[in-house]
Amino acid sequence: MSVSGILHSANSVKVARKLLILQLLTFVLLSAVFGFKSLEWTTSALMGGLAAWVPNVLFMLFAWRHQAQTTVSGRVAWSFAIGEALKVLVTVILMIVALGLFKAAFAPLGLAYLSVLMTQILAPVVINSYRT
């Protein structure tokens, strides 16, 4: 299910919340596993997960805020484009802060970031398979 499909379905808020919770659980559990290696890896994984998860939360909030009761195709397209641009900008800023300011280890940061992205891709398929 695409983001637009999530936003326009009858249970859009519930499905989006499930997706965001699954993403959160993914990087928190991965960070806990990295805790066996070192505290630096744990915090790096948390920062990588947050760099992927926070922009998704902001995008969903932006999309819900700008969702019109009557959809106008141009408005939906511009709202989506602006939301995605803000999402990319926030992601870049969070990565710069994590790598530059906090000197995060790249491997756990990257793995946590990618795990959240994979959850974003795979979770809607799993959620939809249980609903049918």
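Visitor: Where does Phe-102 lie?

Guide: Phe-102 is in the loop between helix H4 (73-101) and H5. Helices here are DSSP runs of H or I with at least four residues, strands are E runs of at least two, and both are numbered from the N terminus. Before we go on: this is a predicted model, where local features need pLDDT of at least 70, side-chain atom pairs count only at pLDDT 80 or more, and totals for chains, interfaces and linings use all residues. Residues are numbered from 1 along each chain as its sequence is written, and side-chain values use heavy atoms, leaving out hydrogens and water.

Visitor: Why is Phe-102 called exposed?

Guide: Buried means under 20% relative accessible area, exposed over 50%, and partly exposed in between (1.4 Å probe, protein chains only). Phe-102 has 52% relative accessibility, so it counts as exposed.

Visitor: And why does Thr-42 count as buried?

Guide: Thr-42 comes in at 15% relative accessibility, so it counts as buried. Thr-42 is part of helix H3.

Visitor: What does Thr-42 touch, leaving out residues up to four places away in sequence?

Guide: Ser-31, Phe-34 and Gly-35; a contact means heavy atoms within 4.5 Å. The Thr-42 side chain also reaches the backbone nitrogen of Gly-35 at 3.1 Å.

Visitor: Which residues make up the largest nonpolar core?

Guide: There are 11 in all, including Phe-27, Phe-34, Ala-45, Trp-53 and Met-60. A nonpolar core is a set of buried Ala, Val, Leu, Ile, Met, Phe, Trp, Tyr and Cys residues joined through side-chain atoms within 4.5 Å. Helix H2 (12-34), helix H3 (39-66) and helix H5 (106-131) each give two or more residues to this core. H3 supplies the largest share, five residues.

Visitor: What does Ala-45 touch, again skipping residues up to four places away in sequence?

Guide: Ala-45 touches Phe-27, Ser-31, Phe-34, Pro-108, Leu-109 and Ala-112. One of those, Leu-109, belongs to a second, separate core of six residues, which also includes Met-47, Met-95 and Ala-104.

Visitor: How many helices and strands does the chain have?

Guide: Five helices and zero strands, so from the N terminus on you read α-α-α-α-α.

Visitor: How much of the chain is buried?

Guide: Buried residues make up 36% of the 132 residues.

Visitor: And how far apart in sequence are the residues that contacts join?

Guide: Among contacts between residues at least 6 apart in sequence, 75% join residues at least 24 apart.

Terms used
Polar contact = N/O pair within 3.5 Å; in protein donor to acceptor, adjacent residues only side chain to side chain.
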